[in-house]
Amino acid sequence: MLVAVVGGGPAGMAAAVAAKNAGADNVLLIERAERLGGVLPQCIHSGFGLNYYGRDLTGPEFAEYLRQDVMQSGIEVWLNAMVIEAHHDKTLVVSKPDGISFVRADVIIFAVGARERPRGAIAIPGTRPAGIFTAGTAQYMINVQGLNIGNDVFMLGSGDIGLITARRLTLEGAHVHGVAELMPFPGGLARNIQQCLKDYDIPLFLSHTVTEVLGKDRVEAVKVAQMENGYVVPGTEKLFPVDTLILSVGLLPEAELIKQLGLTILPYTGSAAVDQYFQTELPGVFVVGNGAGIWDLVDNVATSASVAGEASVKQFYEPSQEATLEPCGDIRVVLPQRIAIGVNNPPRIWFRVKRPLGVCSVALTCDGKTIARKGYASLRPAEMAEISLKLEQYNVIEPGDNLQLTVTPL
Amino acid sequence: MAASGGTRSELDQIAKNDNPINCDVLIIGAGIVGAAAFRELCRYKLNVLLVDANHDVGGDASKANSAILHGGFDPNPGTLMSKLNHDGLALWFAWSQELSVDVEWTGSLVLAFNESEINEITRLYENGKSVKIPVKFLGRDETLKREPVVNPEVKASLYAPVSGIIDPFQAVVALVGNGLKNGGRIRLDTRVEEISKRSDGIYVRTSSGLIRTKVVINAAGLYADQIMRMAGENWFSIHPRRGQYMILDKNVGNLVRHVIFRAPTSIGKGILVSRTTHGNLLIGPTAEDLDKPDKRTTAEGLATVLESAKALVPFPYERFTIAQYAGLRAIGSIDDFVVAHSRTMEGLINAAGIKSPGLTAAPGIAKELCNLVSALVPLEEKANFDPYFELPPILRELPYKYREELIKGNAAFGHMVCRCELVSEGEIENALKMEPPARDLDGIKRRVRATAGRCQGGFCMPRIIDIMRKELNLPYENITKFGNKSNVIYGDNRGNE
Ligand SMILES: Cc1cc2nc3c(=O)[nH]c(=O)nc-3n(C[C@H](O)[C@H](O)[C@H](O)COP(=O)(O)OP(=O)(O)OC[C@H]3O[C@@H](n4cnc5c(N)ncnc54)[C@H](O)[C@@H]3O)c2cc1C
Ligand SMILES: Cc1cc2nc3c(=O)[nH]c(=O)nc-3n(C[C@H](O)[C@H](O)[C@H](O)COP(=O)(O)OP(=O)(O)OC[C@H]3O[C@@H](n4cnc5c(N)ncnc54)[C@H](O)[C@@H]3O)c2cc1C
């Protein structure tokens, strides 16, 4: 039996190791970059691994731990190898420096990660000069390539990657003039707002956006204005004389290969619907990590991908034996979106809210009937939260049920 | 810059001290018009030099337009524009094959939603008939049958089967490449600043030295009137008319089969919805008259593009947009192309006011320019002129067998750099090595599409700069997006370089 894992980031490595440990004969890990690790090698800050390894690690350290696990498990690794096509019969076409290879797998686990949303996706008006980078790209150029990409910087978007990049740029000697966030609340964790912005006196402008990029050759300034219901509030426009604009405006799962398999893409995750084992509607095809939906903590990525890796060598569950699950109201995203019935271990449900909430209660319901309920002191859009179902709650669910996840402020 | 043909002081000085570069024909402007003229003139036993102020070929308008090969029913019959549109369209059939330029004959539909628009397409129909273009009137049902996604409010449409789409940048590269192969020369980063006629030729002062030539072809696009003024020719002026666009993800590239236009108004052909030869969807352009060149996109302009596109073909475009840009049309003070000898300086030939359909007409303009040149210098065809040009291979288009062969020859072809457009390191190396070569990030993007996809270079741009550094032996600080001061990086922090 061959398990092919596409993508050697934390999700792919964890899934590959779990598959091998669960008894897969052959596991092939295919990574297009020159090294394993995915985005971790560029995340040189700490805060990784507290759950998965029980210690505070940097991104490169976390990646190295996982890589050691991969190396010790007898997994075949292809580097500089990119999967360029995926076919319904589980054949992968791989482009490598020694030619084109066709891999006929029994199981495919897609662990392809996410891409950042570029300027064009949010249509910021103005000129098209040099000096506009997405936050992850900036992070790569600073931390991996060791380059100075800007002296005077403005940032759009307050997601964690952006916040961390703002601090990093400051430490590298750049002046970060400010961070604008379209929403009335920050996109990143409270911890990062404090440690990356406040501690460095970087102003955060909530309900603001960049309305224009100026500059002929290189960015010369950006216009920033307050927004209300999608419109500029007159008289609030400010000009920031910067040479660099960094965008941290969201990640989108890389879904091109799964689209080739004809799987439907959910609008709210941007990827295929998965069950609690991260299996798609196509038996034997799994999607994990940021490729399945955006996770914030790499620990959760590794944990959940291991579930998929282990399940991939066991039997596949019949699609007829499943219920569906969808987010409602202030719940923005839920994972899984399908629940296989009749398995022994009850599933864990991951979700994310649309706006910050104080004390609240999250309920899993079916036709208005509550199956499970859990209280939270607070929920933030920046954090993925979870509910683990108990066996008796899981056993109530019937094939064909349409389940809903809702949240009620208390 | 104020110098006109009469002011000779400075030039005389330089002419005495400097050794000028000599040529028979100097072409100013490496847009589609200059490039087409370059290719055609390199057929003859002439010393041809092409110059452009930009860091790369491709022109200004020629790389920011709708990329449509217009059917020829729009210009008024009897105008030069009408004739050259016609000639150009026919020549693109042959040229696209000789030069392996991507052209697709998709056909176009001009939609009418009300009485006055029906009158408008009736006028176009009659135009088309009078210049013998195969146009057809379609009723509502037939329109919807051919293009089911258009707004069902449509009343009628004009169908022109012989029109299509082209890759305009690739066309310029191929034309210039073919000219270079046949002995032509090119100088970029070379701005023409002064032109002066003397007994032994025309002297042209540029930002990179003096040129002496017998003939000058002015193909300076939006700035063609400035070149005319340098020769003392003041009867013609140009102003910019901006067109803003949105490019959409390839996932939705197949929304329409034809080029879909709205019935035109007095200032333009209206907003269109079209596929590009790369498979993206294109919507735009606006038509905004400006006092001075300004290529900014604006919130209002982009909103107009969206709204007008939705009125033609309802679709949630905003969800799939990956880039926005603006181009400037060169609107002359007379409503026709000027392709003629200068009225004030013998030896100068102007191709001015080349607005839409200038891209379509370019081969026709080039032939006309050759005619005009023949009145000044004898044209004798080279025995060994090679009309063919092939661009380096694009891997993703090839069958596996051929990709495999390329990879066996150079492992870099197996190493994917741009994941969205599937561009290998080998193709980027080729873009840097080919003639004319890419010298900046935009040059690579336009030649091989790396960074042109849905992530717009987020993943591959840092890797491309590494390849550029290695292949061109450039320090990071000198890598630019499009020449001049468009530097991407300010410095190398590792202290080991
Ligand atoms: C910039 C950034 C900063 C972050 N900071 C933190 C943090 O501080 N703390 C924290 O806990 N989490 C952080 N995260 C989140 C965490 O790193 C991610 O959740 C995690 O890396 C996702 O893992 P992944 O394996 O799904 O994706 P990735 O790490 O993106 O890995 C995907 C891998 O798949 C490969 N791949 C993709 N397509 C193909 C293909 N067709 N063929 C072959 N290979 C392919 C890619 O090259 C890549 O190596 C950060 C994420 C980002 C993007
Ligand atoms: C919005 C828009 C949409 C259009 N759509 C279409 C279409 O769909 N189909 C069609 O057929 N046509 C279309 N056109 C028209 C077509 O794009 C132009 O007619 C054509 O590209 C003009 O080519 P050019 O070579 O004259 O000018 P350009 O491409 O502008 O090139 C002129 C070059 O001259 C150089 N130059 C200028 N001054 C100097 C100087 N002093 N020294 C040195 N170099 C100089 C510039 O740097 C530039 O590279 C469109 C135009 C626009 C703007």
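**View 1. Strand β27 of chain A (residues 360–366) is mostly covered, with 7 of its 7 residues buried.** Buried here means under 20% relative accessible area, with exposed being over 50% and partly exposed in between (1.4 Å probe, protein chains only). Strands are DSSP runs of E with at least two residues, helices are runs of H or I with at least four, and both are numbered from the N terminus. This is a predicted model, where local features need pLDDT of at least 70, side-chain atom pairs count only at pLDDT 80 or more, and totals for chains, interfaces and linings use all residues; side-chain values use heavy atoms, with hydrogens and water left out. Residues are numbered from 1 along each chain as its sequence is written, while chains are lettered from A and ligands numbered from 1 in the order in which they are written. Look along β27(A) and you'll find A:Cys360, A:Val362, A:Leu364 and A:Cys366 pointing one way, with A:Ser361, A:Ala363 and A:Thr365 pointing the other way, and all of them buried.

**View 2. β27(A) has antiparallel partners in β28(A) and β30(A).** Two strands count as paired if DSSP finds at least two bridges between them. Strand β28 (residues 369–376) of chain A is joined to β27(A) by 7 bridges, and A:Ser361 has A:Gly375 as its bridge partner there. These two strands make a hairpin with 2 residues between them, where A:Asp367 takes a positive phi near 50°.

**View 3. Strands β16 and β17 of chain A form another hairpin, with 6 residues between them.** In β16(A) (residues 208–214), 6 of the 7 residues are buried. The strand runs antiparallel to β17(A) (residues 221–228), and 6 bridges hold the pairing. A:Val210 sits opposite A:Val224 of β17(A). In the turn, check A:Gly215, which has a positive phi of about 125°.

**View 4. Domains 2 and 3 of chain A bury about 350 Å² between them.** Buried area is the accessible area (1.4 Å probe) that two parts lose on being put together, summed over both. The domain bounds come from an automatic or database domain assignment, which gives chain A domain 1 (1–116 + 251–319), domain 2 (118–249) and domain 3 (321–410). Domain 2 puts 5 residues into the contact and domain 3 puts in 6, where contact means heavy atoms within 4.5 Å. The C-alpha centres of the two domains are 35 Å apart. Carbon and sulfur atoms give 78% of the buried area. On the domain 2 side, A:Phe185, A:Gly187 and A:Leu189 lose the most area, together 84% of what that side buries. The salt-bridge count for this interface is 0; the rule wants a side-chain nitrogen of Lys or Arg within 4 Å of a carboxyl oxygen of Asp or Glu.

**View 5. Chains A and B bury about 4200 Å² between them, 52% of it from carbon and sulfur atoms.** Each chain brings 51 residues to the contact. On the chain B side, B:Tyr400, B:Arg419 and B:Tyr490 lose the most area, together 17% of what that side buries. The interface has 3 salt bridges and 22 residue pairs in polar contact (both at pLDDT 80 or more). A polar contact is a pair of N or O atoms within 3.5 Å; within protein, one must be able to donate a hydrogen and the other to accept it, and residues adjacent in sequence count only if both atoms are side-chain atoms.

**View 6. B:Arg454 forms a salt bridge with A:Glu256 and a side-chain polar contact with B:Asp249.** The closest N and O atoms of the B:Arg454–A:Glu256 salt bridge are 3.6 Å apart. The B:Asp249 contact comes in at 2.8 Å. B:Asp249 itself lies in the loop between β13 (238–248) and β14 (259–262) of chain B. It counts as buried because its relative accessibility is 7%. Beyond its neighbours within four places in sequence, B:Asp249 is in contact with B:Asn280, B:Leu281, B:Phe320, B:Ile322 and B:Arg454.
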